[in-house]
Amino acid sequence: MKFPDLQKCTVAVIGLGYVGLPLCIEIAKKQKCYKTGKQLNRKVIGFDIDEERISELKSGFDKTNEVNKKSLLKADFFDLTNKIEIIANADVFIITVPTPINENKQPDLIPLEKASRTVAEALKIRFKTLNKSIPIVIYESTVYPGTTQEICIPIIEKESGLLCEDSDKKNIFACGYSPERINPGDSRHRLKDIVKVTSGSDNKAAKWINSFYGSIIKAGTHPTKNIKIAEAAKIIENTQRDINIALMNELAIIFKLLNIDTLDVLEAAGTKWNFIKFKPGLVGGHCIGVDPYYLTYKAQLLGYKPEIVLAGRRINDDMGKWVAEQLILEISKKNISLVRSNALILGFTFKENCPDLRNTKVFDIVKALREYKLNLDIVDPRINPSEAKNIYGLDIKNNIPNSKKYDAILCAVAHKKFIEMSNAEWKRILKVNAIVYDLKGIVPRELNPIRL
Ligand SMILES: NC(=O)c1ccc[n+]([C@@H]2O[C@H](COP(=O)([O-])OP(=O)(O)OC[C@H]3O[C@@H](n4cnc5c(N)ncnc54)[C@H](O)[C@@H]3O)[C@@H](O)[C@H]2O)c1
């Protein structure tokens with residue numbers, strides 16, 4: 001049996017979220033291969049278990065804001081579906097489902113296991129009907145080293161009856177892991193501009209998978225020796241970032257006691273060529289605040305209790321509460337009555353310029369502030385208010401109320417709209433003597449913001 005035709009294969013992408021959808025669009029493009037210059041003519045089947053997501057995408061609406069209506073409607077989809085029979089038409093299966101943690105901060109592999117069963121089901125149908133080439137299964141979800149080979153491949157083998165091996169047998173499939181490294185909301189670093197790390201279950205599979213991604217990734221690829229290395233590479237990218245931010249957060253706490261501005265300190269220290277530039281802040285979302293727990297889980301299974309990684313996680317997880325306490329302290333210093341004060345939080349998403357509400361640490365600030373019974377408004381121009389209401393039970397507005405002035409404003413997320421606010425706009429919403437607490441360093445200095 002042969003591997004699929006690189007130029008003309010049909011690709012099923014399982015899980016059409018922040019990662020899966022932009023990937024579908026890139027694969028479906030009728031473009032020339034970046035490596036060989038040959039014309040690509042691939043078909044894409046987008047698969048998701050969320051029916052609402054499928055029908056929104058069919059109508060050209062992407063709630064993640066990663067793909068615009070024109071690109072979505074123009075894309076050469078074979079289908080957008082939640083039916084397994086349809087993806088049985090594919091030659092390549094790419095899995096981009098969520099990998100969250102559970103309430104014990106341990107990996108929740110249920111979506112990944114379910115997606116593996118879906119692929120196994122599709123492979124069974126494909127094997128009976130078409131059986132034309134060796135199917136390739138590629139995992140892109142972030143996992144701890146070993147997951148693909150210890151958890152995912154055994155599920156596919158057991159459920160499909162096929163084997164993941166390099167042999168002359170007919171009932172085989174090949175597998176690989178290629179982590180996604182996109183940064184939603186970032187228009188400069190798009191999928192094709194980020195080097196793609198690739199790996200495969202054997203040399204032939206690794207080579208095919210590397211050529212496949214090399215054809216659509218302008219920045220090129222980095223093949224690794226095996227799947228575990230590719231899995232580990234992704235997990236440490238985010239772990240390193242988490243620890244660096246945790247260090248900045250710890251410094252911010254120390255500098256607050258010293259009564260010095262952390263951002264000023266970092267600016268000064270940053271003039272040395274080898275000072276690494278990170279800033280303090282909230283670490284939310286489903287990647288940086290989650291992925292390190294995948295690594296620590298696996299380390300503990302192997303008998304090692306990580307020190308630095310877990311300490312960093314603790315510091316970052318407690319940051320929202322600390323920020324809320326600092327704000328309360330500042331309000332109290334000015335003798336403003338807490339129960340009568342109007343406070344405004346600017347920004348609720350877990351990061352700037354995207355609508356993603358998952359695991360936002362601004363919620364920790366809101367929870368802590370509520371204990372003090374402030375009159376609290378929350379404004380975020382990027383969110384869907386009904387989604388925020390469903391998930392967090394909060395009434396969040398898209399726009400700052402016209403006629404209201406505040407005793408305290410906490411700038412929590414650096415959305416473009418907030419960065420672009422003029423001094424006059426700031427002054428319009430601030431009472432005399434008001435406090436501006438600026439977590440992101442975006443409020444004009446002449447308004448005397450308190451910074452981290
Ligand atoms: N978003 C990012 O910034 C980013 C960047 C790099 C890597 N990652 C990783 O990529 C993976 C996906 O993340 P995301 O942000 O795209 O998630 P997401 O929540 O935006 O999207 C996941 C999609 O998968 C669907 N889904 C869930 N279970 C499914 C199943 N069994 N079968 C089919 N579809 C299913 C959901 O309905 C959803 O539409 C995660 O492992 C994440 O850690 C995310």
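1. A polar contact is a pair of N or O atoms within 3.5 Å (within protein, one must be able to donate a hydrogen and the other to accept it, and residues adjacent in sequence count only if both atoms are side-chain atoms). A backbone N or O atom of Val97 lies 3.5 Å from an oxygen atom of the ligand, a backbone N or O atom of Val19 lies 2.8 Å from an oxygen atom of the ligand, and for Asp48 a side-chain N or O atom is 2.6 Å from a ligand oxygen.

2. This is a predicted model, in which local features need pLDDT of at least 70 and side-chain atom pairs count only at pLDDT 80 or more, while totals for chains, interfaces and linings use all residues. Residues are numbered from 1 along each chain as its sequence is written, and side-chain values use heavy atoms, with hydrogens and water left out.

3. The ligand is surrounded by 26 residues, where a residue counts as near if one of its heavy atoms lies within 4 Å; the closest are Val19, Asp48, Thr99, Pro184 and Arg358. This shell draws at least three residues from each of domain 1 (10-225) and domain 2 (246-451), with bounds from an automatic or database domain assignment.

4. Helix H5 (residues 110-129) gives the largest share of the shell around the ligand, three residues; helices are DSSP runs (H or I, at least four residues), numbered from the N terminus. By class, the shell has 13 nonpolar, seven polar and six charged residues, where Ala, Val, Leu, Ile, Met, Phe, Trp, Tyr, Cys and Pro count as nonpolar, Asp, Glu, Lys and Arg as charged, and the others, Gly among them, as polar.

Technical notes:
Helix = DSSP H or I, 4+ residues; strand = E, 2+ residues; numbered from the N terminus.
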